[in-house]
Amino acid sequence: MRYFTEDDVLRFLPMPAAIEALRRAFIAYGEGKAQNQPRRRLILPGGSVLHSLAASYDAWFGTKVYSTHVKHGAHFTFLLYDAATAKPLAQFEANHLGQIRTGAATGLAVDLLAPRRPLTVAIIGAGFQARTQLEALRSVRDIKEARVWSRKPESRESFAAAMQANVASSAEAATEGADVIVTATFSKEPVIPPTGPGEGTLIVAMGGNMASRSEVPAELVRRARIVVDDIEQCKIEAGELLLAGIDFSSVETLGAIAASTNTKAGDDRRLTLFKSVGIALEDVAAAAHVYQAATATPVP
C-alpha cells in the first residue's frame with residue numbers, strides 16, 4: 001500500500017484538476033452511480049472527537065478518519081481501496097486533501113450556479129480553508145474584485161496580502177454588491193447581514209457542519225433557492241437549513257445539477273444558497289486523482 005504525504009497531495013492535486021475530479025464524481029452521484037455515507041462522530045468526555053465518513057465512486061472506495069480537540073488541533077487520514085477487489089491501495093495524510101477538495105466543491109458549485117462573467121466575491125473568514133475557496137473561484141471565473149473580512153484584523157490582513165484581495169471594513173462592506181459570498185468561519189452565529197445579499201447572489205456556506213451552527217441568517221435561508229452536496233448528510237449537519245426549518249423536499253443537489261444536460265450557469269437569478277458540509281465522495285474523488293497521477297494510471 002502506497003503512502004502519500006501532505007507534500008505529495010499538494011504536488012498531484014492542483015485546484016483545476018480537483019474541480020474536474022469532483023465534477024465527474026458528482027455527475028456519477030447525480031446519476032445514481034456513486035454512494036456516500038454521512039459523517040459519524042464519537043465524542044469523548046475530555047473533548048476529543050473521532051470523525052469518520054466513507055464513499056464509493058467508479059473504481060474506488062474509501063474512508064476518511066480524523067480526530068479533533070478544540071485545544072490540540074486536528075489530525076486527518078484517508079484510506080483508498082480498489083472497488084473490484086477491496087485491496088487497500090493508499091493511505092494519505094489528508095489535511096491538504098480536505099482543504100483542496102472543500103475548495104474544489106465550491107469551485108464546482110460556482111461554475112454550475114454563478115453567471116459566466118467576471119465576478120465580485122466576498123470571503124468571510126480568513127483561515128486555513130478560506131484560501132482554497134478563493135483559489136477555486138479563480139479557477140472557474142475571472143474575479144474582478146475579491147474582498148475579505150474576518151473578526152481578527154491580523155488574519156484578514158495576512159489573507160489579503162497572500163491572496164491579492166482587498167480588506168473590507170466589515171462583513172456588510174464585504175458583501176455589498178457581491179455576486180458570490182463565501183462563509184468560511186467557525187462561527188455559531190450568522191456572519192453576513194440579513195438584508196445585504198439580493199436576488200442573483202450566490203452564497204456558499206461551507207464553514208460549519210454542525211446542526212447547532214449557522215453562518216447565514218434564517219431570513220436569507222428561507223427565501224433562497226437551496227442546493228446541497230448531500231441531502232442525507234445535510235439533514236444531520238446543516239445548521240443553516242435545520243435552524244431555519246427548511247423543507248428538504250424542495251432542496252436540490254449538486255449532483256443532480258451537474259448531471260443535468262440542461263444546466264446553464266447563472267440562468268436562475270434567484271438568491272441561491274449552496275450548503276457544503278463536506279462529504280466523503282469528494283475525498284474519494286480527490287484521493288483517486290492523486291493516486292492515478294502519482295502511479296501514472298490513466299485518469300478517465
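Here is a walk through this predicted model, from its strands to its salt bridges and one of its cavities.

Let's start with the strands. Strand 4 and strand 5 (residues 73-82) run antiparallel and pair over 10 bridges. Look for Phe61, which sits opposite Tyr81 in strand 5. Getting from strand 4 to strand 5 takes a hairpin of three residues. Strand 5 then pairs with strand 6 (residues 88-93), again in the antiparallel sense, through five bridges. Here Leu79 faces Gln91 in strand 6. The hairpin of strand 5 and strand 6 has five residues between the strands, and Ala86 in that hairpin has a positive phi near 70°.

That brings us to backbone angles. Most residues other than glycine have a negative phi. You'll find Asp58 in the loop between strand 3 and strand 4 (60-69). Is Asp58 buried or exposed? With a relative accessible area of 51%, Asp58 is exposed, because the cut-off is over 50%. Gln164 is another non-glycine residue with a positive phi, near 55°. Gln164 belongs to the loop between helix 5 (153-163) and strand 9 (166-167), and at 68% relative accessibility Gln164 counts as exposed.

Now for the surface. Leu42, Leu44, Leu50 and Val65 make up a nonpolar patch there, and together they have about 320 Å² of accessible area. Leu50 comes from strand 3 (residues 49-57).

On to the charges: the whole structure holds 15 salt bridges. One of them joins Arg23 to Glu20, with the closest N and O atoms 3.0 Å apart. Both residues are in helix 2 (residues 15-30), and they are three residues apart, about one turn of the helix. Glu20 is partly exposed, at 35% relative accessibility. Arg23 and Glu20 also belong to a network of salt bridges that links them with Asp111, Arg116 and Arg141.

Glu237 and Arg41 meet side chain to side chain at 3.5 Å, N to O. Glu237 is in helix 8 (residues 231-237) and Arg41 is in strand 2 (residues 34-43), so this pair ties together parts that are 196 residues apart in sequence. Glu237 is buried, at 1% relative accessibility, whereas Arg41 is partly exposed, at 27%.

What about Glu282 and Arg101? Their side chains form a salt bridge at 3.4 Å, N to O. This pair also links distant parts of the chain: Glu282 sits in helix 11 (residues 280-295) and Arg101 in helix 3 (residues 95-113), 181 residues apart. Glu282 has a relative accessible area of 1% and Arg101 has one of 4%. Buried means under 20%, so both partners count as buried.

Last stop: empty space. Rolling a probe the size of a water molecule over the atoms shows where such space is left. How many cavities of 30 Å³ or more does a search of the whole structure find? There are two. The second largest cavity holds about 40 Å³. Its lining includes Leu113, Ala114 and Pro115, along with Gly200, Thr201 and Leu202. Arg225, Asp268, Arg269, Arg270 and Thr272 line this cavity too.

How values were computed: Residues numbered from 1 in each chain as written. Predicted model: local features only at pLDDT ≥ 70, side-chain atom pairs only at ≥ 80, totals over all residues. Heavy atoms only, no water. Patch = residues over 30% accessible without salt bridge, like charges linked within 9 Å, V, L, I, M, F, W, Y side chains within 5 Å. Areas by Shrake-Rupley, 256 points an atom, 1.4 Å probe, with all protein chains shown as cover. Salt bridge = Lys/Arg side-chain N within 4 Å of Asp/Glu carboxyl O. Helix = DSSP H or I, 4+ residues; strand = E, 2+ residues; numbered from the N terminus. Buried < 20%, exposed > 50% of the residue type's maximum accessible area, 1.4 Å probe, protein only. Pairing = 2+ DSSP bridges. 1 Å grid on protein atoms, 1.4 Å probe; cavity = no way out; pocket = protein on both sides within 12 Å on 5 of 7 lines; lining within 4 Å. Points joined across faces, edges and corners; volume = space filled by probe spheres on them.
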